[in-house]
Amino acid sequence: MNKETSGVDTKEINEKEMKDDKKKDALVTSRILFISVLDKIYIVCLLLSLILATYSNFAGDMSSVSYGFFRRLLGELFIVVGVVIGYFLCNWFYKCYAKTMLCVTDKEIYKEKYLPFQRMETTIPLNRITSITAFKHLWIFRGLIIFQYHRFPMIFFTWNNQEFKDKVEELLVEDSTKVNNQFESKNIINKNQYKYVGILGIVLVGIIVILGIIRLFGFMFSEERQIPANYAYKDYSINLKNDGTCDLNINSYDITACDWHYDSDSKEVVIDYKYKYNGYYSYYYSSDYQSSLRAKYEDKNLIYDNKTFERD
């Protein structure tokens, strides 16, 4: 069957074969140290970040009037968004690390290095290499140092460093050839692992719902819920508000900020406040000072400084 009747262009076949011949599989290929477990490390770090950030976000007395559950719920949304953004950044770097390689053919040492938005190739003909050293520290940290004429040594951290060194020392000095970078393209989380991400999302939502229920019932039956009110003694007053803030009129200080919470163990209301001191030097120097007081909550009244502030 001739070219015209077969419908196959022999010239195109020959060009394709010549193009394929320009590439040659490496004799030894080395990947970056820990690349086989880097995805697991990333996942563990992201999960720990999510757990610790969530715990820190929701930590506190959930029955307190100043707890602010919905404010923390909004904060949790930002935490989840931050973890998702962190995942995509980690995945981006992971894919770059997974493609980075160092290999040896029968004529050269070839390196492909990938960084975000950047790809770099380095080729070292074997006849330019003066020596190669394989080193390891604490058994697990392994790498190669490739020395060459009139250039800085190349350092590459990899697990199979000794195998690479042994192969280089066996080879003859010839011209270099291009090689195939046979890497497995994958993400930190593959498609068959998406179900675990869904389960994690369901668990997180479930935990938040449970915390919301605990917050609701804890606040409903909390003794602190009954405390917000205005308490007065003669011309002095302590006004405790539902949002955890307060107004004080107990001295001549200029109160600039005031917060309160209830200590159920000692049955005391703890008030933290900031004030400005108006004294002789206040004209030249003014600053906020911070102080606190504790008032006994007894019979729906506050007892402070041996004075009973009665509830209005």
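The accessible surface of the protein chain is about 20,700 Å², and carbon and sulfur atoms hold 57% of that. Keep in mind that this is a predicted model. The chain has 312 residues, and 31% of them are buried. On secondary structure, the count is six helices and 17 strands. For the contacts with a separation of 6 or more, 54% are between residues 24 or more positions apart.

The volume of the largest pocket comes out at about 550 Å³. Its lining consists of 20 residues, and those nearest the centre are Leu 47, Val 83, Ile 189, Val 197 and Leu 200. Which elements give two or more residues to that lining? They are helix 3, residues 35–58, helix 4, residues 69–99, and helix 6, residues 194–220. Helix 6 contributes the most, at eight residues.

Staying with helix 6, I picked out one of its residues, Leu 211. Is Leu 211 buried or exposed? Its relative accessibility is 19%, and the cut-off for buried is under 20%, so Leu 211 counts as buried. Leaving out residues up to four places away in sequence, Leu 211 touches Phe 58, Met 62 and Phe 69. Take Phe 69 from that list: along the chain, Phe 69 and Leu 211 are 142 residues apart, yet 8.9 Å separates their C-alpha atoms.

Now the charged pairs. How many salt bridges does the structure hold? The number is eight. I'll start with Arg 294, whose side chain meets that of Asp 263 at 2.9 Å, N to O.

As for accessibility, Arg 294 is partly exposed at 42%, and Asp 263 is partly exposed at 22%. Glu 268 has a relative accessible area of 19% and is buried.

Elsewhere, there is a network: Glu 112, Arg 119 and Glu 121 are joined by salt bridges that share partners. There is also a salt bridge between the side chains of Asp 305 and Lys 307, at 3.1 Å, N to O. Lys 307 is partly exposed, and its relative accessible area is 25%.

What does Asn 301 contact, leaving aside neighbours within four places in sequence? The list is Tyr 231, Lys 296, Thr 308, Phe 309, Glu 310 and Arg 311. With Arg 311 there is a polar pair as well: a polar atom of the Asn 301 side chain lies 3.1 Å from the backbone nitrogen of Arg 311.

Key
Residues numbered from 1 in each chain as written. Predicted model: local features only at pLDDT ≥ 70, side-chain atom pairs only at ≥ 80, totals over all residues. Heavy atoms only, no water. Polar contact = N/O pair within 3.5 Å; in protein donor to acceptor, adjacent residues only side chain to side chain. Contact = heavy atoms within 4.5 Å. Helix = DSSP H or I, 4+ residues; strand = E, 2+ residues; numbered from the N terminus. Buried < 20%, exposed > 50% of the residue type's maximum accessible area, 1.4 Å probe, protein only. Areas by Shrake-Rupley, 256 points an atom, 1.4 Å probe, with all protein chains shown as cover. Salt bridge = Lys/Arg side-chain N within 4 Å of Asp/Glu carboxyl O. 1 Å grid on protein atoms, 1.4 Å probe; cavity = no way out; pocket = protein on both sides within 12 Å on 5 of 7 lines; lining within 4 Å. Points joined across faces, edges and corners; volume = space filled by probe spheres on them.
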